[in-house]
Amino acid sequence: MQKYKRGHAEFRGIVDAPIDDVWELLTDWANFERWWVKPEDGGRPGPNIASVELVGAPNEVPRTRIVRHVTGSAVDEKLWMQDDVTKRIVYDMVFRPNPNGAVLRSEFRNYLATTMLDSLPTGETLMTFKSEFDIVEEADTNLMISLIERTYSDAILNGFRKYFERQKAQTVPA
């Protein structure tokens, strides 16, 4: 029987945008292309995204996004809770079998994450990412935590920051 150990990842960062705008982008569950930064454009290293498919209605809870990578690997990210008042989501991530190609990460399972938004007095938004997961005993726990925290910082937070920078640049008069 496989043995596991517990993992926890957490990261916080500020986005220069009002909380309602950040919330709208965060809960637009299947539209990664709005904010995802490809590795060649300065995003987190890893496989490019081939497609994102929404299962369920855009505002329905639960709803799932199936994220497919160019390598053939894929994950289901199911949004279980969306609180529009407190600005918190809870979701899980499950890797899909890929018998014909690459597997993203097989070292962990039972990934459960929450993202929270808080409005700052400056008008900016604090994004807080937290997750709990189980890691196979042989895996390097620190490496796994680092990979997840880098996804929060280098992929999600970086993507949100770049998205709102582009929005501001488009609204500045020439």
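Helices and strands here are DSSP runs, numbered from the N terminus, with at least four residues (H or I) for a helix and at least two (E) for a strand. You are looking at a predicted model, where local features need pLDDT of at least 70, side-chain atom pairs count only at pLDDT 80 or more, and totals for chains, interfaces and linings use all residues. Residues are numbered from 1 along each chain as its sequence is written, and side-chain values use heavy atoms, with hydrogens and water left out.

**Arg68 and its surroundings**

- Arg68 is partly exposed, at 29% relative accessibility; buried means under 20% relative accessible area, exposed over 50%, and partly exposed in between (1.4 Å probe, protein chains only).
- The side chains of Arg68 and Glu53 are joined by a polar contact of 3.0 Å. A polar contact is a pair of N or O atoms within 3.5 Å; within protein, one must be able to donate a hydrogen and the other to accept it, and residues adjacent in sequence count only if both atoms are side-chain atoms.
- Leaving aside neighbours within four places in sequence, Arg68 is in contact (heavy atoms within 4.5 Å) with residues including Ile49, Ser73 and Arg96.
- Arg68 and Met116 are 48 residues apart in sequence, and their C-alpha atoms are 25 Å apart in space.

**Helix 2**

- Helix 2 covers residues 141–171, which is 31 residues.
- From first C-alpha to last, helix 2 reaches 44 Å, close to the 45 Å expected at 1.5 Å a residue; the expected span is 1.5 Å times one less than the number of residues.
- Asp140 caps the N-terminal end of helix 2, with a side-chain oxygen 3.0 Å from the backbone nitrogen of Asn142.
- At Asn158, helix 2 bends by about 30°, where the bend is the angle between axes fitted to the seven residues ending there and the seven starting there.
- Asn158 counts as buried, at 17% relative accessibility.
- Not counting residues up to four places away in sequence, Asn158 touches Val37, Gly42, Gly43 and Ser153.

**Aromatic rings**

- The structure holds 12 aromatic pairs. Rings of Phe, Tyr and Trp (its six-membered ring) pair if their centres lie within 6.5 Å; planes under 30 degrees apart count as stacked, over 60 as edge-to-face and the rest as tilted.
- One of these pairs is Phe95 with Phe108, edge-to-face at 5.5 Å centre to centre and 75° between the planes.
- That pair links distant parts of the chain, since Phe95 is in strand 5 (residues 88–95) and Phe108 is in strand 6 (residues 108–119), 13 residues apart.
- Phe108 and Tyr111 form a tilted pair, because their centres are 5.9 Å apart and their planes are at 55°.
- Phe95 is partly exposed at 23% relative accessible area, whereas Phe108 is buried at 8% and Tyr111 is buried at 6%.
- Trp29, Tyr91, Phe95, Phe108, Tyr111 and Phe133 form one aromatic cluster.
- Over the ring of Trp29 sits the charged end of Arg65, 3.5 Å from the ring centre; a charge counts as sitting over a ring if NZ of Lys or CZ of Arg is within 6 Å of the centre and within 35 degrees of the ring normal.

**Ser131**

- Ser131 belongs to strand 7 (residues 125–136) and is buried, at 1% relative accessibility.
- The side chain of Ser131 makes a polar contact of 2.8 Å with the side chain of Tyr152.
- Not counting residues up to four places away in sequence, Ser131 touches several residues, among them Gly7, His8, Tyr111 and Ile148.
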